[in-house]
Structures are given as C-alpha cells and as structure tokens.
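Open your viewer and get ready to select residues by number. Could you walk me through this structure, stop by stop, and tell me what is there?

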Amino acid sequence: MGLIQVVVTLLIAGLLVKPVGTYLVKVFDYETTGLDRFFGPVERFIYRLIGVREKESMGWKKYVFAMLLTNFIMMMFMYVIFRIQKFLPLNPDMIDNMPPALAFNTAASFITNTNWQAYSGENSLSYLSQMIAITFPMFTSAATGFAVAIAFIRGLVARQNNLGNFYVDLIRSITRVFLPLSFIVALFLVFQGVPQTLHGAADATTLEGAKQMITRGPVASLESIKHLGTNGGGYFGTNSAHPFENPTPLSNLMEILCMLLLPTALVYAFGVMIKNKRQGWSIFAAMGIMFLVFLSIVFIAEYNGTPALHALGVHGNMEGKEVRFGTSGSALFTAVTTAATTGSVNNMHDSLTPIGGLVPLGEMMLNNVFGGKGVGLLNGLLYVILTVFICGLMVGRTPEFLGKKIESKEVKLASIALLVHPVLILVSTAIAFVTPSAISSIANPGSHGLTEVLYAFTSGAANNGSAFAGLAANTTFYNIAIGLVMLLGRYISIIAMLAIAGSFATKKVAAATSGTFRTDTPLFTGILVVIIVVIGALTFFPALALGPIAEHLGMFH
C-alpha cells in the first residue's frame with residue numbers, strides 16, 4: 001500500500017507538469033494575452049504605485065541590480081520587524097523581540113528562500129511577524145527565483161541584451177501564480193483542519209482534567225505558500241509533522257504536490273520558451289532519473305530499518321515519524337522536500353537510518369534534482385553548459401548550446417557558480433569543527449554529530465532550510481555563519497548565471513549542422529546524469545564517507 005501511495009502521488013504530479021508549464025509560459029509572455037485582461041488592471045496599479053515602467057527592458061547588470069536592491073530593502077525591513085515585534089500590534093501572547101544574531105539569521109533565511117529556523121515559530125514570533133516578515137517574503141523570495149530563471153531563459157534565446165524587466169517578472173509571479181494558487185491551497189488546508197485565526201492561544205481542558213494552552217494562528221496561509229514557493233520552515237517547531245500544519249494523509253498529499261508542482265512545470269516551460277520541447281524533456285528526464293534513484297534509496301532504507309531494530313523484532317524504521325503518514329509518506333516527503341529544496345519536514349531527518357539520511361544530504365549537495373522553483377532549473381542548466389563544454393573537448397568540436405557558442409567567459413562564470421556551493425559547505429563545516437562553541441552545540445558524538453553540522457551548512461548553502469535536528473543552532477556562531485552561507489549561496493550563483501545569460505544574449509545563433517552536438521537526445525540525458533553524479537561524488541564523497549556512510553558501516557560492528 002505504501003508503494004501504491006508513492007506511485008499515485010508521482011503520477012498526479014506528472015499529469016500536472018504540462019498544463020501548469022503551459023500556463024507559466026503565458027504568465028511571462030510580454031505580448032498581450034487573455035491573462036492581461038484579468039490581472040492587468042491590478043498589476044498596472046502596482047507599477048504606477050512603485051514607479052515602474054512596464055515596457056522598460058533590462059540588460060543583465062540592471063536586472064541584477066534591481067533584484068539585489070529589492071531583496072536588500074526587504075531584508076532590512078524584516079530585520080527591523082523581528083527586533084521590535086514586542087512593541088507592534090497583533091502580538092496577543094506578548095512574545096519578546098528577537099536577539100540581533102537570530103534576527104539576522106531569520107531575515108537572511110527568509111529573503112533567500114531558505115527558511116532555516118533556529119527558533120520555534122510559535123514561541124518566537126508574533127502574528128504580525130509571521131504574516132509580514134515570514135509569509136510575505138515567502139512570496140517575494142519565490143517570485144525572485146522565478147524571475148531570475150525566466151530572465152536566464154530569455155538570455156539563452158535573445159538576439160539582443162534584453163532579459164526582460166525584473167519588477168514586472170516579480171509582480172507577475174506573485175499576482176498570476178503564487179497568490180491564486182496559495183488562496184486555493186490555504187482553503188483546502190483549512191478544510192483539512194489547519195487553523196487560520198488571529199485569536200490568541202486557546203485554553204483547553206484535557207480528558208484527564210488538566211489545563212492546556214493550545215497555540216494557533218494564521219497557519220493555513222503560511223503553509224500554502226510555504227510549499228508552493230518551495231520555501232520551507234514552519235509555523236510550529238515540529239514543522240509539517242505538527243497536526244496543525246499537516247493533519248491528515250490528504251493534506252500530506254497536497255503538500256507534496258505543491259512542492260513538486262512549480263519546479264517540475266518550469267522545466268517543461270523552459271522547453272516551450274526556447275521552442276524545443278525535446279530539450280526541456282531531456283533535462284526533465286535527467287532530473288527525474290536522479291530523483292527516482294534517491295527516492296528508492298530512502299524508501300528501501302527506511303522500510304528495511306537497522307540491525308538494532310531487527311534485534312528487537314521490529315521491521316522498518318518508524319522512529320521520528322508520524323503514524324498518520326507511515327514510512328512511505330515520510331520517505332516520499334523526505335525525498336521531495338530536499339529535491340525541491342523546500343525544507344519542510346513531516347518527520348525528523350535526524351531519526352532516519354544513516355543511508356536514509358544520506359538522501360536529503362545528497363540531493364541538497366547536487367542541488368539540481370528539480371531544485372527550488374527557478375533556481376533549480378538554473379542549476380540544471382549550469383550542468384548542461386558544463387556537459388556541453390566537456391563533450392566538445394572530448395570530440396574536438398566547438399561547444400554550442402541552443403546554437404550559441406560556449407566560450408571561456410561562460411565556462412569561467414559557470415565554474416564560479418558551481419564551486420561556490422561546495423566551498424561554502426565544506427569550508428564552513430571545517431571552521432565549525434575547530435570552533436569550541438560550535439562543537440558544544442552538537443548533541444551526538446562521532447559520525448552522526450559530523451552529519452548534523454554538515455547537514456546544517458548544506459541546507460543553508462542549498463537554500464533548503466530543513467534541519468537534521470540534534471544541533472543546537474541558535475547560537476551566535478551558527479546564526480551568523482549559516483546566515484552568511486545562505487546569502488552567499490543564493491546570490492553569488494544567481495549573479496554568475498545572469499552574467500552568463502547576458503553573455504548569451506549578445507551572441508549570434510549558428511545554424512545546426514551534421515557536426516552539431518545535439519543536447520535534446522537520450523544520449524545527452526545519460527551523459528548529463530553521469531557528469532552531475534561524478535562531479536558531486538568527487539566533491540562531497542569524502543565528507544559523506546566520514547558522516548552517514550561511516551555511521552552505516554558502524555551499525556554492523
């Protein structure tokens with residue numbers, strides 16, 4: 001039955017790819033469409049309000065500047081809200097202000113679409129903070145990722161230095177995609193039992209007659225954009241394992257579909273926008289193959305359990321999992337949330353088997369198994385560019401992608417975008433293990449403790465935000481270190497990729513010949529998967545060998 005649930009969920013997700021991808025193409029088409037008649041009046045009012053000229057086009061530098069400026073202002077606004085929330089309205093439970101380091105970490109986390117939480121949401125944030133400094137940036141950070149991905153696609157096919165208009169792409173992402181979908185999903189979650197209220201905590205009497213305070217709040221509205229925007233985080237400390245965030249198997253299904261919906265559809269939209277659907281499907285196939293392999297590994301590992309559990313006569317590993325989801329629902333959620341870099345969790349990853357815990361780590365380290373909306377596609381295209389370049393060297397041909405030559409400038413920028421990810425993860429982890437205050441935060445000794453720290457920095461660099469647990473991360477060291485990793489991991493690669501788009505936009509398109517290396521074939525899909533896995537293994541295998549792999553081998557001694 002568990003396997004059937006997984007198959008049905010993936011089939012539903014697969015059926016949604018084409019229609020949603022087709023809709024996304026219409027959303028970002030600057031030509032007049034039927035959508036303009038419905039959304040246009042509201043959007044034009046917003047443009048006038050913020051002083052944006054809708055028809056103004058941007059080169060890659062201007063696009064980057066607009067993106068960075070907008071994100072910086074919003075981050076400063078969020079930081080101030082966290083620091084003064086005690087004095088602001090909508091704080092019925094009188095929650096105090098956040099300390100400076102934690103406020104910086106949280107602002108950096110939610111502006112970068114990471115949504116790492118070094119705090120417990122229900123005890124650390126007022127209703128106002130939850131709505132305008134948490135839920136609001138969930139929309140804008142998701143829209144930023146979408147806008148950047150669309151701009152990159154335009155650069156690939158452009159005949160001049162025009163990536164579109166960042167502000168228009170940002171507003172359209174919110175008004176035409178995230179707001180309508182979030183409203184529908186929020187209503188469904190309320191139907192399933194997720195709270196949506198501005199009243200304070202409820203006083204309840206238990207069956208034994210004891211008094212209990214039950215925290216509640218505007219949860220459904222946060223949960224909807226949390227999953228649709230591949231944001232992550234949670235209103236409650238236990239995230240989507242909490243019955244007020246994810247009460248039923250049906251809500252669990254909805255949250256999984258929401259995480260997969262836009263990252264997968266955007267890959268199809270890419271194929272439509274470049275007028276080569278085969279190219280889109282070839283990249284989709286590469287991502288899909290890797291996802292299915294990772295899902296199979298965690299599914300089998302959790303169903304098999306561990307030798308210690310077998311000795312107790314227990315088959316399978318239910319530690320850290322909710323009974324209402326079971327092993328299958330938890331394994332699928334684990335694979336999806338780190339493939340789509342959402343960071344939402346319905347089970348504690350710290351309680352996964354060592355090999356099961358390797359799966360979310362591996363997906364975040366590769367960071368292109370569909371990935372978050374927008375940025376996941378960018379990372380996938382980064383590897384496509386490197387694959388074309390490597391194959392061109394092997395056969396002695398000038399590397400081309402979509403008819404445009406890949407030259408030293410693009411390769412250097414792609415190398416920067418590729419290397420920043422492992423450097424941030426591995427260097428930060430190494431620094432943590434030579435810092436006494438950081439070591440004291442580790443709850444478990446040996447390989448498992450190493451995995452806890454490695455997971456934290458991997459989650460930050462991949463803008464995932466899920467926590468392995470077992471690590472007391474609310475310290476000055478981890479708040480600042482992970483905050484910086486989240487910012488650098490988000491923006492350095494985005495800037496590099498937009499620079500590549502700007503370079504491509506000025507190149508002439510060469511006609512395909514018999515000597516052109518095709519990138520829309522099953523052969524290329526296979527080569528792409530191999531190169532991604534080889535680069536990932538060469539980069540991260542030593543760290544994984546000291547962490548989850550060593551822990552797994554230690555179980556048999």
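The largest cavity in this predicted model holds about 80 Å³ of space. To find it, select Thr-341, Gly-372, Val-375, Ala-462 and Asn-463, which are the closest to its centre among the 13 residues that line it. Now colour helix 14, residues 375–395: this helix gives the largest share of the lining of the largest cavity, three residues. What classes of residue make up the lining of the largest cavity? Nine are polar, two are nonpolar and two are charged.

Select its lining, which includes Asn-91, Pro-92, Asp-93, Gly-121, Tyr-127, Arg-216 and Tyr-235. By class, this second lining has five nonpolar, four polar and three charged residues.

**Into the largest pocket**

Next, select Leu-156, Val-157, Arg-159, Met-273 and Ile-274. Of the 33 residues lining the largest pocket, these are the closest to its centre. The space in the largest pocket comes to about 840 Å³. Which elements each supply at least two residues of the lining? They are helix 6 (127–157) and strand 3 (400–401). Helix 6 gives the most, with three residues. If you colour the lining of the largest pocket by class, you will get 16 nonpolar, nine polar and eight charged residues.

**A pair of strands**

Now show residues 202–205 and 211–214 as a cartoon. These are strand 1 and strand 2, and they pair in the antiparallel sense over four bridges. Click on Ala-204 and look across to Gln-212 in strand 2, its bridge partner. Between the two strands of this hairpin there are five residues, and Gly-209 takes a positive phi near 95°.

**Rings that meet**

The whole structure contains 17 aromatic pairs. A pair of aromatic rings is described by the distance of the centres and the angle of the planes.

Select Tyr-455 and Phe-468 to begin. Their rings form a tilted pair, 5.0 Å centre to centre with 35° between the planes. Why does this pair tie together parts that are 13 residues apart in sequence? Tyr-455 lies in helix 17 (residues 446–461), while Phe-468 lies in the loop between helix 17 and helix 18 (476–505), so the pair links those two parts. Both Tyr-455 and Phe-468 are buried.

Move on to Phe-517 and Phe-524, an edge-to-face pair with 5.9 Å centre to centre and 65° between the planes. Phe-524 has 1% relative accessibility, so Phe-524 counts as buried.

For a group of rings, select Tyr-268, Trp-281, Phe-284, Phe-291 and Phe-370. Ring pairs link these residues into a cluster.

**Last stop: a charge over a ring**

Finally, select Arg-154 and Tyr-30. Where does the charged end of Arg-154 sit? You will find it over the ring of Tyr-30, 4.5 Å from the ring's centre.

How values were computed:
Residues numbered from 1 in each chain as written. Predicted model: local features only at pLDDT ≥ 70, side-chain atom pairs only at ≥ 80, totals over all residues. Heavy atoms only, no water. 1 Å grid on protein atoms, 1.4 Å probe; cavity = no way out; pocket = protein on both sides within 12 Å on 5 of 7 lines; lining within 4 Å. Points joined across faces, edges and corners; volume = space filled by probe spheres on them. Nonpolar A, V, L, I, M, F, W, Y, C, P; charged D, E, K, R; others polar. Pairing = 2+ DSSP bridges. Phe/Tyr/Trp six-rings, centres within 6.5 Å; stacked < 30°, edge-to-face > 60°. Buried < 20%, exposed > 50% of the residue type's maximum accessible area, 1.4 Å probe, protein only. Lys NZ or Arg CZ within 6 Å of the ring centre and 35° of its normal.
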